[in-house]
Amino acid sequence: MAAPGENLKINGERLWESLMDMAKIGPGIAGGNNRQTLTDEDGEGRALFQKWSLDAGCTMGLDQMGNMFAQRDGTDPDALPVYVGSHLDTQPTGGKYDGVLGVLGGLELLRTMNDLGIKTKHPIVVTNWTNEEGTRYAPAMLSSGVFAGMHTQEWAYEREDAEGKTFGDELKRIGWRGDEDVGARKMHAFFELHIEQGPILETEGKTIGVVTHGQGLSWTEVTITGKDSHTGSTPMPMRRDAGLGLAHVLELVNQIAMSHAPHAVGAAGHIDVYPNSRNVIPGKVVFTVDFRSPDLAVIQDMEARLREGAQAICDEMGLGVSFEKTGGFDPVTFDETCVTAVRNAAERLGYSHRDLISGAGHDACWINRMAPTAMVMCPCVDGLSHNEAEEISQEWATAGTDVLLHAVLETAEIVE
């Protein structure tokens, strides 16, 4: 496969203008975006992406999960397409770049090819995956998960939001339910550009993250039961304080994750305390422990140590405890050839780079099961994401898209 010339770069100003135009749809209250999946705002963002894609000479495919596929044809009608993309939906208080950069970076790649008259053997397809965030409809990466065979379409259609509205009904309501069978498309390769959502690249002064792995994830819901009693009149030795049990288990969670540093992480993100009254000793707490690592054996070790350690803590304190695994997925190792294409592109373009393990889930993690896959990351300020204050620079966005362009063109094979 011939490598693109080092002077081949995208139009950074045009990319940035597209990002800012998309950010006008579903504006947040503090400078970011609220364009949750299958809302009217999501539909408006989709329509703008479709218009831009058609203006660039693409055809637009749409499957029954609402996944969008903007295709630029190649010279070989039998060659499988090289796919790029991410998602346009956001968190309720999301930023302007999470996911969106990957979709619009892919569009800019096609626009640059048009400007320079570049042809490829393989078609190139820019994808907008539906409901990556999983905020309105759990779980995250829902539609790429259906595409990869991780969920059934029927099950996905039955997911309900907080108001009881189903995914299937809302997809039809906003007019973005296509006819194409989900997962019927075959891919030569898939590349996803994304902001890091962490502080490593910025802290180390690196412009490009070459993503080699995606962390696996384990969610365990822990319930600790004690006895509700009056905080003022219950003697200290006679208390069965579920809140105190929580505190000890949280310390254990931190110790377990630290023992597998630097790549493992762990914390309790969702905590409910009952009865949650200022003068009642908690009789029950329910919380979810989130462990992540790129090594499946490490995840399994952390799960086992949580159960064993929390049981011992609660037994000693006279508390009851139960465990339920509520979610998770195995670690991902991205395709060596695709990863090398990303790394070579960064080196060819002269961008500083380092290998990264993605700490967050991405559509690429599911698509990796279907086709050779890799990810490109650029820094974000203070590592902040899923926040309206999420910020990147035009230079970072341009560099990430330049690398995406080179990796994709090398894989799609430029025709002289």
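Me: Is Arg46 buried or exposed in this structure, and what is its relative accessible area?

Reply: This is a predicted model, and in it Arg46 is buried, with a relative accessible area of 1%. The label follows because anything under 20% relative accessible area counts as buried.

Me: Which residue forms a salt bridge with Arg46, and how far apart are the closest N and O atoms?

Reply: Side chains of opposite charge can pair when their charged atoms come close. Here the partner of Arg46 is Asp42, and the closest N and O atoms of the two are 3.3 Å apart. Both residues belong to helix 2, which covers residues 40–55, and they are separated by 4 residues, or about one turn of the helix. Asp42 is buried as well, with a relative accessible area of 2%.

Me: How many salt bridges does the structure hold, and which residue pairs with Glu180?

Reply: The structure holds 17 salt bridges. Glu180 forms one with Arg185, where the closest N and O atoms are 2.4 Å apart. Glu180 is partly exposed, at a relative accessible area of 23%, whereas Arg185 is buried, at 17%.

Me: Where in the chain do Glu303 and Lys325 lie?

Reply: Glu303 and Lys325 form a salt bridge whose closest N and O atoms are 2.8 Å apart. This pair links distant parts of the chain, since Glu303 sits in helix 9 (residues 296–317) and Lys325 in strand 13, 22 residues apart. Glu303 counts as buried at 15% relative accessibility, while Lys325 counts as partly exposed at 47%.

Me: Turning to pockets, what is the volume of the largest pocket, and which residues are closest to its centre?

Reply: Rolling a probe the size of a water molecule over the atoms shows where empty space is left. In this model the largest pocket has a volume of about 1,100 Å³. It is lined by 44 residues, of which Leu217, Arg292, Gly359, Ala360 and Gly361 are the closest to the centre. The lining divides into 16 nonpolar, 20 polar and 8 charged residues.

Me: Which strands and domains supply the lining of the largest pocket?

Reply: At least two lining residues come from each of strand 8 (216–225), strand 10 (265–274), strand 12 (284–293), strand 13 (320–329) and strand 15 (353–358). Strand 15 gives the most, with 5 residues. At the level of domains, the lining of the largest pocket draws at least three residues from each of domain 1 (12–214 + 331–412) and domain 2 (216–329).

Me: Which residues line the second largest pocket, and what is its volume?

Reply: The second largest pocket has a volume of about 160 Å³, and its lining consists of Trp219, Gly269, His270, Thr288 and Asp290. Strand 10 and strand 12 are the elements that give two or more residues to this lining. By class, the lining residues of the second largest pocket divide into 1 nonpolar, 3 polar and 1 charged.

Me: Is Thr220 buried or exposed, and which residues does Thr220 touch?

Reply: Thr220, which lies in strand 8, is buried, with a relative accessible area of 3%. Leaving aside residues up to four places away in sequence, Thr220 touches Phe287, Thr288, Val289, Leu306, Arg307, Phe323, Glu324, Lys325 and Thr326. Among these contacts is Lys325, the residue that forms a salt bridge with Glu303.

Conventions: Residues are numbered from 1 along each chain as its sequence is written. This is a predicted model: local features need pLDDT of at least 70, side-chain atom pairs count only at pLDDT 80 or more; totals for chains, interfaces and linings use all residues. Side-chain values use heavy atoms; hydrogens and water are left out. On a 1 Å grid over the protein atoms alone, a cavity is a set of points where a 1.4 Å probe fits but cannot get out, and a pocket is an open set with protein on both sides within 12 Å along at least five of seven lines; lining residues have an atom within 4 Å of a point. Grid points are joined across faces, edges and corners, and a volume is the space filled by probe spheres set on the points. Ala, Val, Leu, Ile, Met, Phe, Trp, Tyr, Cys and Pro count as nonpolar, Asp, Glu, Lys and Arg as charged, and the others, Gly among them, as polar. Domain bounds come from an automatic or database domain assignment. A salt bridge is a side-chain nitrogen of Lys or Arg within 4 Å of a carboxyl oxygen of Asp or Glu. Buried means under 20% relative accessible area, exposed over 50%, partly exposed in between (1.4 Å probe, protein chains only). Contact means heavy atoms within 4.5 Å.
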